[in-house]
Amino acid sequence: MLLVVLSPLLLAALAFALPSRRARPLLLLAGAIGHAAGVAWLWAEPGQGIEGWLSLDAPGKVVLATVSALFLASAAYAQRYLRLREDRENRIFVGGLLVLLSALSVVALAQHLGILWVAIEVTTLTTAPLIYFDRDARSLEAAWKYLLVCSLGVALALLGTFFLALSSAGPGGPHSLSVRELVAAGPALSRPWVRAAFVFLLVGYGTKMGLAPLHSWKPDAYGEAPGLLGAILSGGVTSAAFLALARVLQVCGAAGEGEFARQALLAMGLLSMALAGVFIVGQRDYKRMLAYSSVEHMGILAVGLGVGGAAGAGAFFHALNNGLVKGVLFLAAGSIHRSYGTKQVDEVRGALRRLPLSGPLFLAGFFAVTGAPPFGPFFSELTILQGAFATGHALTGCLFLAFTAVIFVGMGAIVLGVVQGDPAGCPERPGQEDGWGNAAPTLALLVASLALGLYLPPSLRDLFAAASATVGGRP
Amino acid sequence: MTAFAQTVFILVVMIDFFVLASSRLKAAIGAVAAQGALLALLPILLAPQELHVAHVLALSLGALLVKGIGIPYLLRWAMREASVSREVEPVVGYVPSLVLGGLGVMLAFAFSATLPLPTPEKHPYLVATSLSTVWTGLLLVVSRQKAVSQVLGFLVLENGVFVFGLLLSDFMPWMVEAGVLLDLFAAVFVMGIVIFHIHRTFSSLDTGKLSALRD
Amino acid sequence: MTLHALARAALQLALLVLLPPLLPGLVARVKARVAGRQGPPVWQLYADLARLCRKGEVKSLTAGAPFHLGPVVGAAGALAAGLLVPGPGSPALLSFQGDLFLLTGLLAAGRFATVLAALDTGSAFEGMGAAREVTFASLAEPALFVCLLVLSRATGELSLSGMLGPALPGAWAQWAPALLLCAVALFVVALAENSRIPVDDPTTHLELTMIHEVMVLDHSGPDLALVLYGAAVKLYVFGALLARLTLGGAGQGILSGALGLLLGLGLFAGTVGLVESSMARLRLVRVPQLLVGAGVLSLFAFVLLVR
């Protein structure tokens, strides 16, 4: 288990030390492959971990798998990407990504709320410089806003963590931040403090996730970051934040504040979906559009978690799907951006023709992310909807459908505009033709998402149900 | 000890007011440094009878070094690099932010008396001071325009969280405070570097100029 | 009335009427000494008042009754306010429940009369000064009120003589931080009400920078003497309040009380002089911040009390 956490760190140190710009992307690939191997081993043989601090349970498995798969694809993509961008110094980029991988693994494995918080903070600090990879004014602005807003959120999450610790400090309380002990102590926790803690933790980790109204950094950060980083941020980091919220919900549910917590999650989830719809319609920049799509999907996750039970299982399934599909979208969008040199929707047409590999992938990704069958997200969203209607959240279900419909139309207009038509007359950057180096990882992710949609192995289905049950979903 | 701790808490709140009203960045940085130094005294003042002397001293020293000396030095360096010395008129003016801050402090002090504390109370003013300082930090981050001022707001917020963490130092000594200090240092370090780049790119630290990205 | 009470009243009245001109002189002397100069003698204002009373007056043709009433009402208001402040061997010459409102009201009446006189001249400078004066007063008065409220709450009394009387040492023992904050806020209000640096510079000769001085620019002769005397009495009122507050009403006997008052007034004048010497006048846009800050301080002190 420690291998999964430590090996990326070691490789990161190596990346910082290595003077050769060419060789560093290989370290990234090595780290990703090693990590994937470690995860596969852990999946088969969870082991004991460090009692009370790090161990693998069902929700952690889901997030760890998502992160690992996404990283593997991104690392493969990065080989060609970093070679194309050899003008830029990639020491911080590669090193930062490896540290990020390690931190995300810690989040997935964390069974102690303190460790969880430290890992989330590390993800913020290590990704902020990476957003500035392009070294221009816009990406600097994005990096600053990201750093400030997310640090603020994480600081508030720390206060919430302290509140939770205080709630456990009463007579009969466990006096600790270990999830297991807190859940076991359940009713002994001081309820006003648990409630206050949940509010702060929701705000803090919700900021990291990008739930509305705390999402203001997302369009800027995802819009300006390189496509590769955008994929990892929107698929990996948000999943980690989602897991953090799920753990908090686990504790709150045990303490008796579950109902309050769920209501809050439902409200924020629906708000996120609504806001995403508002801002996607008429969006002029296709990368910012992807950011709002991420806000929407975080909303879906929050709704799933808020409804609980079967919808909770759907939420975990959706976390996996979201990671894969966002990877497809961002990597493909990155290729399109590099080829056309612009992110403005008005100036980009005919991606299907100019980029015969990435263009169709982008289109397919759009269908996947908006929940069209037979891709995975359709089934996960369906599960969430079914869960909502089954447990009496009919209004939630209807709003969910309405918002997804709006977003489908809004995104569709933009994506179809980008991919269809004749690319002649659009700006073109030389030397950025499509290649299998770009497209193969993206295709792999898409195929994985398709496979999950077509056939969901019962073991996975059980895993998601177990995850939802662990987090305290209602049966 | 209680009276002295009371004085420290009141001084911390005074410094909150001062930073809210101040437009001179040097004075504000100095005030936050003083606040950090004051907070470094608190672990010693509030130490329970069965104390782990080494831990308490280490925590105080760490807080002093990081909050009182290290980070202000970093901020002053950033100021020198960018040759800023004054804040531009903030989004929320000085008088309204002073009033808002005052309101927040008052609410914090008035209501913290009614919050039931599971553990024996260390000092009646602790929770109130912590919440007031967090509120002040939030106000500062949201309303100020210069990047250095926003970082100051973040610092003040972390100071408030640190004060709250003192409540837990009985049974969760290391993780709590070390976590706060580490977070603070790392975050401000990264922020300092980004500020340096902002100055280089925009020739100013006015985040009002960071407005190219919008919907 | 016993002889003791009569003597006490006579002493208080004498102090109120005769002592005030000493204070601005003391302040000026402290400022001069800090600047390394010899400075005017402390009884300079007495000589100035006597000289002005002997002089003739230059009357404006456009100014009418309000112009002449201004100095009179100002001085009268200040003297009446002084009657409410407890002197050596409390209580004050005039005291009843809720007289703190009368105190602020009398000071406000004096200010109102001065402002009217300034507006009556029809001059742009005076009008500008009047506008500034009322703006800052509207911010300083709430602070003053809250300070007095803090005192009232801490001692449980509703009259100035009660608040600054025997109940005060007990209040200091229990609520020291709050009362200290209250004293600081009261000091800032005193600086504002008496037009001292950092709110206003009493020695400036540039009309555009004046607040109080410019309102009384057109008075001359006995009117000017009344203006200066009224300002001195106002300074005495605030000084006496602060002296009683900080020195805790020490000494109930006449002599010890008188000594305590003199000591407190001396300290007050010295502090004002030091503050004036070490600071520059604040930019006018910053003065509201200072006053609101004082108000927030006093509100904080109040919250500390009711917690």
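**How the chains meet, and what lies inside**

Chain C and chain B bury about 1,500 Å² between them, and carbon and sulfur atoms give 77% of that area. This is a predicted model, so everything here is computed from predicted coordinates. The contact draws on 14 residues from chain C and 20 residues from chain B. Salt bridges don't feature here: the count between chain C and chain B is 0. On the chain C side, the elements that give two or more residues are helix H9 (176-193) and helix H13 (287-306) of chain C. H13(C) provides the largest share of that side, 10 residues. Sorted by class, the chain C side comes out at 10 nonpolar, 2 polar and 2 charged residues.

Next comes the other contact made by chain B. There are 2 pairs of chains in contact, and chains A and B share the most contacts. Here 42 residues of chain A meet 44 residues of chain B. The area buried between chain A and chain B is about 3,700 Å², with 81% of it given by carbon and sulfur atoms. Three residues stand out on the chain A side: A:Glu141, A:Trp144 and A:Phe162 supply 19% of the area that chain A buries against chain B, more than any other three residues. Between chain A and chain B the count is 0 salt bridges, while 1 residue pair is in polar contact, both at pLDDT 80 or more.

As for which parts of chain A do the touching, the elements giving two or more residues are helix H5 (113-131), helix H6 (137-167), helix H8 (191-209), helix H9 (217-224) and helix H12 (286-307) of chain A. H6(A) gives the most, with 20 residues. The chain A side that touches chain B has 26 nonpolar, 9 polar and 7 charged residues. Chain A and chain C, meanwhile, do not touch, and their nearest C-alpha atoms are 20 Å apart.

Leaving aside residues up to four places away in sequence, A:Phe362 touches A:Met289, A:Leu290, A:Leu329, A:Ala332, A:Ala333, A:Ile336, A:Val415, A:Val418 and A:Val419.

C:Leu160 lies in helix H7 (residues 160-163) of chain C. C:Leu160 counts as buried because its relative accessibility is 0%, and the cut-off for buried is under 20%. Not counting residues up to four places away in sequence, C:Leu160 touches C:Leu84, C:Pro86, C:Asp99, C:Leu100, C:Leu103, C:Leu148 and C:Leu241. C:Leu160 and C:Gly98 are 62 residues apart along the chain, yet their C-alpha atoms are separated by 7.8 Å.

Methods: Residues numbered from 1 in each chain as written. Chains lettered and ligands numbered in written order. Predicted model: local features only at pLDDT ≥ 70, side-chain atom pairs only at ≥ 80, totals over all residues. Heavy atoms only, no water. Contact = heavy atoms within 4.5 Å. Buried area = accessible area lost by both parts, 1.4 Å probe. Salt bridge = Lys/Arg side-chain N within 4 Å of Asp/Glu carboxyl O. Polar contact = N/O pair within 3.5 Å; in protein donor to acceptor, adjacent residues only side chain to side chain. Helix = DSSP H or I, 4+ residues; strand = E, 2+ residues; numbered from the N terminus. Nonpolar A, V, L, I, M, F, W, Y, C, P; charged D, E, K, R; others polar. Buried < 20%, exposed > 50% of the residue type's maximum accessible area, 1.4 Å probe, protein only.
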